[in-house]
Amino acid sequence: MGGGRARFEAYLRKAGFEGARVLSFEALGGEIQEDLKAHGYGSPVRARFAWKGEERDVVIRTARPDAFGHDRRADRVYQMALAVDTYRRIPRHVQALDAGTFDLNGAMIPFAEGEPFLIAEYVPGELYAHDLKAIERADEPGARDLIRAEVLASYLADLHSVHATHVDYQRCIRDTLGHGEGIFGITDAYPDDMPVVPQLRLRQLEHACVEWRWKLKAFTHRSRRTHGDFHPFNLLFREPAELSVLDCSRGGVGEPADDVACLSINFLFFALVAGGASTARSGASGTCSGTATCSAPRTTRSCRWWRRSSPGGPSCSPARPGTRRSRTRCETASSASRSASWPAPPSIHTG
Ligand SMILES: Nc1ncnc2c1ncn2[C@@H]1O[C@H](COP(=O)(O)OP(=O)(O)OP(=O)(O)O)[C@@H](O)[C@H]1O
Ligand SMILES: [Mg+2]
């Protein structure tokens, strides 16, 4: 008996079909297959089995990596989870009976129902955000601040020294716009009636970002290992300058400028909050303090701290002043509302 059949029978036992016997494996649209592996991932396999005197007929679906949003294993897991969650809601749809993964030996491990979880190691340390808050109260950075900045820069230089594929790069650029955590998701999270961020402005920004995508997607030579969410709340330091990072995001590959922009833009934000957004506004450009926010899309993708603290962002709540996030958002928003005009959307450099 082929290994695929044996593994499927083992799976059936775990799934409650004690004593089930596989009758056939048949590649749909192909020849009868003895072994699932021989057929390769991606093609459906019809599996007939006998159990308690009855015959059952199922199809085993697998997914093949491709560049259409299935390049990561996580995408393929998502596909299967989505099938389980949605097939049952669609009238006359074939039913999804179970889903799982093959382990490295080919054994089929079913998923449990319910929400996923992740267990990570705990690392002690103090958030880098605390350093940036402390710098607010100082006239200039101390020796430790400079050392830590150096450590962060070196960390990124090393991280970004590893090249990645073209597919990874284009995926990163695409997700920067189209993912729910990307620019489209951020713009959709603004209330319709936010006077300081009118819908027209958001639309113009989105259009400008799409133009940028067509420039950036050709820069595949820049594809590198990246962190993907390199903000001060994902950076932990132990004394004096030992770094740990949390929450690497979006596949850990893409445009290295993303990490640099994500952190450096936070230096601006902390300064804007500390100095008062209106001061920074006049000092920066004479227009609005959205300079930093408006430049975020120019650098491939806004960081999440930007999203949280951007004027009129999803949860801007003047009724809840005083919290770290609402204060940042709303102070910036109120100064921006005094601005006479918005700066033009970012233009596209051709060089
Ligand atoms: N593995 C860990 N070890 C130590 N501390 C952790 C760990 N994971 C999370 N934390 C702490 O929990 C805090 C909150 O983490 P969480 O990822 O929920 O929020 P965030 O970093 O502010 O947002 P996000 O990463 O989603 O943008 C972190 O800033 C960190 O202080
Ligand atoms: Mg985090």
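Strands β2 and β3 (residues 54-60) run antiparallel and are joined by seven bridges; a strand here is a DSSP E run of at least two residues, a helix is an H or I run of at least four, and both are numbered from the N terminus. Two strands count as paired once DSSP finds at least two bridges between them. This is a predicted model, where local features need pLDDT of at least 70 and side-chain atom pairs count only at pLDDT 80 or more, while totals for chains, interfaces and linings use all residues. Residues are numbered from 1 along each chain as its sequence is written, and chains are lettered from A and ligands numbered from 1 in the order in which they are written.

**Around β2**
- Val45 has Ile60 of β3 as its bridge partner.
- The hairpin of β2 and β3 leaves two residues between the strands, and Lys52 takes a positive phi there, near 50 degrees.
- β2 (residues 45-51) also runs antiparallel to β1 (residues 21-27), with six bridges joining the two.

**Around β8**
- β8 (residues 235-238) has Leu235 and Phe237 on a covered face, with Leu236 and Arg238 on the uncovered one.
- β6 (residues 126-127) pairs with β8 in the antiparallel sense over two bridges, and Glu126 sits opposite Phe237.
- β9 (residues 242-245) also pairs with β8 in the antiparallel sense, this time over four bridges.
- Leu235 has Val245 of β9 as its bridge partner, and a hairpin takes the chain from β8 to β9 through three residues.

**Cores and burial**
- Buried means 20 or more other C-beta atoms within 10 Å of a residue's own, exposed means 12 or fewer, and partly exposed is in between, with C-beta atoms placed from the backbone.
- A nonpolar core is a set of buried Ala, Val, Leu, Ile, Met, Phe, Trp, Tyr and Cys residues joined through C-beta atoms within 7 Å.
- The largest nonpolar core has 12 residues, including Tyr169, Ile186, Trp212 and Val253.
- Helices α6 (166-178), α7 (183-188) and α8 (199-216) each put at least two residues into this core.
- Another core lies apart from it, with 10 residues, among them Cys262 and Phe270.

**Ala274**
- Ala274 belongs to helix α9 (residues 256-275).
- Ala274 counts as partly exposed because it has 15 C-beta neighbours inside 10 Å.
- Lys133 is 141 residues away from Ala274 in sequence, yet their C-alpha atoms are 8.2 Å apart.

**Whole chain**
- The chain has 13 helices and 10 strands.
- Of its 351 residues, 28% count as buried.
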